[in-house]
Amino acid sequence: MTLYRRFDAVDRGLHVALMASFLGLAVSGLPLLFAASAWASTLAHALGGFHMAGLLHRTSALLLIGVFAVHLARVGTRLVVDRDLGVLWGPSSMVPQPRDARDLIGHLKWFFGRGPRPRFDRYTYWEKFDYMAVFWGMGIIGGSGLMLWFPTVFARVVPGWLFNVATLIHGEEALLAVGFIFTIHFFNTHMRPEKFPMDPVIFTGRVSEEELREERPDEYDRLRAAGRLDQQAVGPAPDWILPAARVVAAVVLTIGFAVVAIIVVTLLTPIVLTFSGPIR
């Protein structure tokens, strides 16, 4: 079976670090956000107390900032050193383009049997949405988090009321990000029928010729027409990667779904209690 490279070792390493940082932020941030809930104290004590939860939260934030910095450095190298403008536009760019809107509309039509499935290229519109969401999150969640982490520094340049806004934004946007990643992203990546129970590509960095031809036919045809398909051919991944990936995926999916369940129960409990109270 012919295999082709989709992600290099650095991309895969950054994604693993991204997963670790996001899980750390989610698990440590929830008991801080919902500190009044009974389960928050239990989870915080399981992490070593609220102080340790805060320490884990800040450590995970540093890891995430490091991942983001390395990625930006790689993008900058492609632009400045390699003079590769394809990072900004074209099939190898993660920047949303008019084609993505057409693919989205075409995909919706296909869902309802009103048209053929779009012919995707290297990156789909939902992958670009996930990617751009990280930039949004680093600016909004990361920026507000740094304000709350170093209040005396930021107090010199911003008014005091802005810290209240930062507190609200940090918690609500983080909650939205956690809910999105552990539901929509999980489904798009791992829970689709053709991928269930996991898509190992981010761990192995490889896709089969059949998978590339069926899921990203425009990329396959483009590489073949340019005579670059053979350049992307690689050997199989080391034997240990796939078993390790399955363990990591199982742990991440379990934690993710547990976090979503906690969020849903916590948010719905006041509503249920309100409507289930005694009628007077």
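**Notes on salt bridges and fold**

1. In this predicted model, glutamate 209 and arginine 213 form a salt bridge whose closest N and O atoms are 3.8 Å apart. The two residues lie 4 residues apart in helix H9, so about one helical turn separates them. Glutamate 209 is partly exposed, with a relative accessible area of 24%, and arginine 213 is also partly exposed, at 40% relative accessibility.

2. Salt bridges that share partners also join Arg99, Asp103, Arg119, Asp218, Asp221 and Arg224 into one network. The count of salt bridges comes to 18.

3. Glutamate 127 is paired with arginine 216 in a salt bridge, with 2.9 Å between the closest N and O atoms. This pair links distant parts of the chain, 89 residues apart: glutamate 127 belongs to helix H5 (residues 125–149), while arginine 216 sits in the loop between helix H9 (209–215) and helix H10 (217–225). Arginine 216 counts as buried because its relative accessibility is 11%, under the 20% cut-off.

4. Aspartate 199 and lysine 195 meet through their side chains in a salt bridge of 3.6 Å, N to O. Both aspartate 199 and lysine 195 are buried.

5. Turning to the whole chain, the protein has 11 helices and 3 strands, in the sequence order β-α-α-α-α-α-α-α-α-β-α-α-β-α. Of its 280 residues, 35% count as buried. Among contacts between residues at least 6 apart in sequence, 68% join residues at least 24 apart.

6. As to charge, the protein chain carries 26 positive and 23 negative charges, whose mean positions are 3 Å apart.

Technical notes. Residues numbered from 1 in each chain as written. Predicted model: local features only at pLDDT ≥ 70, side-chain atom pairs only at ≥ 80, totals over all residues. Heavy atoms only, no water. Buried < 20%, exposed > 50% of the residue type's maximum accessible area, 1.4 Å probe, protein only. Contact = heavy atoms within 4.5 Å. Lys, Arg positive; Asp, Glu negative; His and termini not counted. Charge placed at Lys NZ, Arg CZ, Asp CG, Glu CD. Salt bridge = Lys/Arg side-chain N within 4 Å of Asp/Glu carboxyl O.
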